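Reader: I would like to learn how to read a model like this one, feature by feature. Could you take me through it slowly, giving the general idea before the particular case?

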Amino acid sequence: MEYLVLSSLFFAFSNVLWKWIVSDYLPLQVIVKRSIITCFIGIIVLIFKYDNFNFYNTIGQAVFVNLTCLIGAFGLVFMIYGIKQSSLNTFIHYSLVGSTVTATYLYLVEGIIPKNYALGISCIALGFFIFLWKQRHNTKVISFSTHRYLFSMALCFSATAIMQWYNLKTYDLVFLAVHQELVVLTVAGFMLYFLKQSPIPFFKLDYIPVMALVVSFAIVLGMYGLKVTNPFISSIISLTSSIFTIILAVILLKEDFKWYYIVSMLTVLYGAWLLS
């Protein structure tokens, strides 16, 4: 459990860094440079710390692992485009949607029945509704495309967590983490080339290497936590990332902190607590 909490803390710091960095660069530029660094870190770990690997046993497993990573890569792309055009608070509330999706899947498919399912889901939905309803008064209107990006992000990340849970029963977590980052690099690199955007010079001084290191710790810790628990517990614990992110955003990015952030967040967290 402590690994998931630490992962949430690192991801919160990463969320703030994402918001900070994409104000100066295009989203795909950041993803490509970050993934190059995380791939390098992961490959070094694999070379020096691991002697034997369990590669794909069947074609079906190879397809499933690559599909998992592909969905995760698109989730990251959706996240970066969404977070660039919205506040971190909006991003956080959409992240909470993933917990509902995960709980529903485990309930219907795996027979893992959370406590107080209907009441918990209702509280999460109510908290999200409060947030969106109050957002209509903001002077900065969030476009429909941004909502679409963030909703797609939530679905992709939820699906990836569930699929990686299955993968971790067979494959090493570092292998899966590196695999994920390689797919992210491939997808983002192709999109960067297709959209004719120039990459960020690798040796240009910025905060992307710091973010890459933070993300590396977050991914590995999160993978290990997911392996020893399940996607629902992982998604519930990851809600602490929302709290950490809001605190860091207010302190570092000077974002406004409205009263309804507290009401909606507490309502959602109460719903998550009921489900746990």
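Reader: What percentage of the residues in the protein chain is buried?

Author: The model is a predicted one, and in it buried residues make up 50% of the 276 residues in the protein chain.

Reader: How many helices and how many strands does the secondary structure come to?

Author: The protein chain has 11 helices and 0 strands, so that, under the assignment used here, its pattern along the sequence reads α-α-α-α-α-α-α-α-α-α-α.

Reader: How should I read the packing of two helices, and at what angle do H1 and H8 pack?

Author: In general, two packed helices are described by the angle between their axes and by the distance between those axes. Here helix H1, residues 2-21, packs with helix H8, residues 208-228, at an angle of about 150 degrees, and their axes are 8 Å apart. Angles over 145 degrees count as roughly antiparallel, and H1 and H8 are therefore roughly antiparallel to each other. H1 passes H8 in a left-handed crossing, and the residues of this contact divide into 20 nonpolar, 4 polar and no charged.

Reader: Are H7 and H8 oblique or roughly antiparallel to each other?

Author: The angle at which H7 and H8 pack is about 130 degrees, with 10 Å between their axes, and the two helices are therefore oblique to each other. The crossing of H7 and H8 is right-handed.

Reader: What is there to notice about lysine 196, in the loop between H7 and H8?

Author: Lysine 196 lies in the loop between helix H7 (173-194) and H8, and its phi is positive, at about 60 degrees, although the residue is not a glycine. With a relative accessible area of 75%, lysine 196 is exposed.

Reader: How do I read a pair of aromatic rings, and which class does the pair of tryptophan 165 and tyrosine 166 belong to, stacked, edge-to-face or tilted?

Author: As a general idea, a pair of aromatic rings is described by the distance of the centres and the angle of the planes. By the rule used here, with centres within 6.5 Å, the count comes to 8 aromatic pairs. Tryptophan 165 and tyrosine 166 form a tilted pair, with 5.4 Å from centre to centre and 40 degrees between the planes. Tryptophan 165 is buried, at a relative accessible area of 10%, whereas tyrosine 166, at 22% relative accessibility, counts as partly exposed. Elsewhere, ring pairs link Phe78, Tyr81 and Tyr149 into a cluster.

Reader: Which charged residue sits over the ring of tryptophan 165?

Author: That residue is lysine 169, whose charged end sits over the ring of tryptophan 165 at 4.4 Å from the ring centre.

Reader: Where does leucine 6 lie, and is it buried or partly exposed?

Author: Leucine 6 lies in helix H1 and, at 41% relative accessibility, counts as partly exposed. The C-alpha atoms of leucine 6 and serine 241 are separated by 9.2 Å, although these residues are 235 residues apart along the chain.

Technical notes. Residues numbered from 1 in each chain as written. Predicted model: local features only at pLDDT ≥ 70, side-chain atom pairs only at ≥ 80, totals over all residues. Heavy atoms only, no water. Axes fitted to C-alpha atoms, helices over the stretch in contact; angles between N-to-C directions. Helix = DSSP H or I, 4+ residues; strand = E, 2+ residues; numbered from the N terminus. Parallel < 35°, antiparallel > 145°, perpendicular 65-115°, else oblique. Left-handed = near helix turned anticlockwise from the far one by under 90°. Nonpolar A, V, L, I, M, F, W, Y, C, P; charged D, E, K, R; others polar. Phe/Tyr/Trp six-rings, centres within 6.5 Å; stacked < 30°, edge-to-face > 60°. Buried < 20%, exposed > 50% of the residue type's maximum accessible area, 1.4 Å probe, protein only. Lys NZ or Arg CZ within 6 Å of the ring centre and 35° of its normal.
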